Amino acid sequence: MSRELLVKAIDAEKSLQAHDRQIEETNERKNALEGYVYDMRNKMYSTLSDFIPEEAKEKFGKELDAMEDWLYDEGEDAERSVYIAKLDELKKVGFA
């Protein structure tokens with residue numbers, strides 16, 4: 001294999017690795033958002049139930065449902081930054 005071909009192959013491998021990392025990081029952010037939705041929904045109706053007014057539970061529950069719907073529809077192939085922004089949006093209402 002010539003030096004030129006070797007350099008091209010190495011560059012192609014590096015590019016593929018970077019792409020794989022980007023996909024993995026995006027999936028991690030999506031999973032974090034999905035996990036937060038499930039975790040908050042569970043906590044809201046169990047351990048935190050006595051401390052959250054019914055009206056607030058209903059309102060935040062609707063936001064969680066809407067986020068879950070978005071995740072499995074429009075958000076299925078969103079960018080990493082969108083998942084981060086959506087999670088931050090929910091955390092403003094809930095808690096980290």
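## Asp39 and Lys43

Asp39 and Lys43 sit four residues apart in helix α1, about one helical turn. They form a salt bridge, with the closest N and O atoms 3.2 Å apart. A salt bridge here is a side-chain nitrogen of Lys or Arg within 4 Å of a carboxyl oxygen of Asp or Glu. Helices are DSSP runs (H or I, at least four residues), numbered from the N terminus.

The model is predicted: local features need pLDDT of at least 70, side-chain atom pairs count only at pLDDT 80 or more, and totals for chains, interfaces and linings use all residues. Residues are numbered from 1 along each chain as its sequence is written, and side-chain values use heavy atoms, without hydrogens or water.

Asp39 is partly exposed at 33% relative accessible area. Lys43 is partly exposed at 26%. The cut-offs are under 20% for buried, over 50% for exposed and in between for partly exposed (1.4 Å probe, protein chains only).

## Other salt bridges

The count comes to nine salt bridges. Asp65 meets Arg41 at 3.0 Å, N to O. This pair links distant parts of the chain: Asp65 in helix α2 (residues 54-72) and Arg41 in helix α1, 24 residues apart.

Glu54 and Lys57 pair at 2.9 Å, N to O. Both lie in helix α2, three residues apart. Glu54 is exposed at 55% relative accessibility, whereas Lys57 is buried at 3%.

Thr26 lies in helix α1 and is buried at 15% relative accessibility. Tyr36 is in helix α1 too, buried at 8%. Tyr36 and Leu64 are 28 residues apart in sequence and 9.0 Å apart in space, C-alpha to C-alpha.

Technical notes:
Helix = DSSP H or I, 4+ residues; strand = E, 2+ residues; numbered from the N terminus.
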